[in-house]
Amino acid sequence: MHVNGKVALVTGGAQGIGRAFAQALLGKGAKVALLDRNSEAGQESKAALAEQFEAQRTVFIQCDVTDQEQLKGAFKKVIEHFGRLDIVVNNAGVNNEKDWESTIQINLTSVIRGTYLGLEYMGKGNGGDGGVIINISSLAGLMPAAFQPVYCATKHGVIGFTRSIALAANMENYGVRLNTICPGFVNTPILQSIDKEENMGQYYSYKDEIKNMMQFYGVMDPSIIAEGLITIIEDDTLNGEVMKITASQGIHFQQYSQTPFTSTKR
Ligand SMILES: NC(=O)c1ccc[n+]([C@@H]2O[C@H](COP(=O)([O-])OP(=O)(O)OC[C@H]3O[C@@H](n4cnc5c(N)ncnc54)[C@H](O)[C@@H]3O)[C@@H](O)[C@H]2O)c1
């Protein structure tokens, strides 16, 4: 897919990786809707991006992704505002082992809902023009994370869901490609959660272990993750892939053996 002229919706777009996604998409000529529950950061990002790119190509919509009606309403607003939808990035996420139920709601349930909404509007079977959905997981979606068990479970869930729905999309000719990105540590405000008892809960005393891991593996700039996003959007052969991005190996893909029971219905 050529990014130029396309419309992208990015959840959690007010800061961090989501904002870097918006910047890269705008740089390629897309129109971008930033969805975030943090209105202050969202407005700030919109204003900063408007200085760099034509202001009318960015819109900020305040939205808590865990609120079904708000998320549905935000998708509708994007289409009303820009007239179409081509790219959905389900990126909003938190690291909170204390309020772990809300971590599941934000990191997994809302990613599933955002994916279904994307398919509703972009799926060819529903009269859409096709598109691309990218769900943001983590390296913690591929390996255990001793002090973030629920975060880890949600990120494993994102991979399993996205790979499965990608198979269905292929079999049913939705015209929508669905892929996952799994970054290692990235320099964004989420890393501050490691120092907070209200986020780490019973694992708070292990914060230095996580910091040691960060030092060992390295912390990447969000722009590298945005490069991975653009690669997925532009390469029409990618569906059901799990892109890993690490400081040591850069952008590469998780290798899986053949998935059973795949067929293509024409
Ligand atoms: N930074 C890392 O090291 C890292 C590594 C791997 C994966 N990730 C994943 O990347 C994604 C982006 O994280 P980030 O590092 O940019 O974090 P961040 O905290 O900087 O940004 C996350 C954004 O999501 C928003 N958000 C959180 N809950 C929301 C909700 N209920 N509704 C709407 N918006 C909500 C926040 O307001 C924030 O703007 C997350 O899914 C995270 O799990 C991050």
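**Close-up views of a predicted model**

View 1. The model is predicted: local features need pLDDT of at least 70, side-chain atom pairs count only at pLDDT 80 or more, and totals for chains, interfaces and linings use all residues. Residues are numbered from 1 along each chain as its sequence is written. The largest nonpolar core has 60 residues. A8, L9, V10, F21, L25, V32 and L229 have the most contacts inside this core. Helix α1 gives the most to it, with seven residues. Another core, of five residues, lies apart from it and includes A140, A145, Y151 and C152. A nonpolar core is a set of buried Ala, Val, Leu, Ile, Met, Phe, Trp, Tyr and Cys residues joined through C-beta atoms within 7 Å. A residue is buried with 20 or more other C-beta atoms within 10 Å of its own, exposed with 12 or fewer, and partly exposed in between; C-beta atoms are placed from the backbone.

**View 2. Strand β2 and its partner β1.** Strand β1 (residues 7-11) pairs with β2 in the parallel sense over five bridges. Pairing requires at least two DSSP bridges between two strands. T11 stands opposite L35 in β2. Six of the six residues of β2 are buried, so the strand is largely enclosed by the rest of the structure. K31, A33 and L35 cover one side, and V32, L34 and D36 the other; all are buried. In a regular strand the side chains alternate between the two faces of the sheet. Helices (H or I, at least four residues) and strands (E, at least two) are DSSP runs, numbered from the N terminus.

View 3. N38 sits in the loop between β2 (31-36) and α2 (39-52). The C-alpha atoms of N38 and G27 are separated by 24 Å, with the two residues eleven apart along the chain.

**View 4. The ligand shell.** The ligand is surrounded by 29 residues, and the closest are G12, G16, G93, T188 and I190. A residue counts as near if its C-beta atom, placed from the backbone, lies within 6 Å. Helix α1 (residues 16-27) supplies the largest share of the shell, three residues. The shell divides into 15 nonpolar, eleven polar and three charged residues. Ala, Val, Leu, Ile, Met, Phe, Trp, Tyr, Cys and Pro count as nonpolar, Asp, Glu, Lys and Arg as charged, and the others, Gly among them, as polar.

View 5. H156 lies in helix α5. It is partly exposed, with 19 other C-beta atoms within 10 Å. H156 and T231 are 75 residues apart in sequence and 22 Å apart in space, C-alpha to C-alpha. N173 lies in the loop between α5 (149-171) and β6 (176-183). N173 has a positive phi of about 55° although it is not a glycine. Most residues other than glycine have a negative phi. N173 is partly exposed, with 14 other C-beta atoms within 10 Å.

**View 6. The β7-β8 hairpin.** Strands β7 (residues 242-246) and β8 (residues 250-253) run antiparallel, joined by four bridges. T246 stands opposite G250 in β8. Three residues link the two strands in a hairpin.
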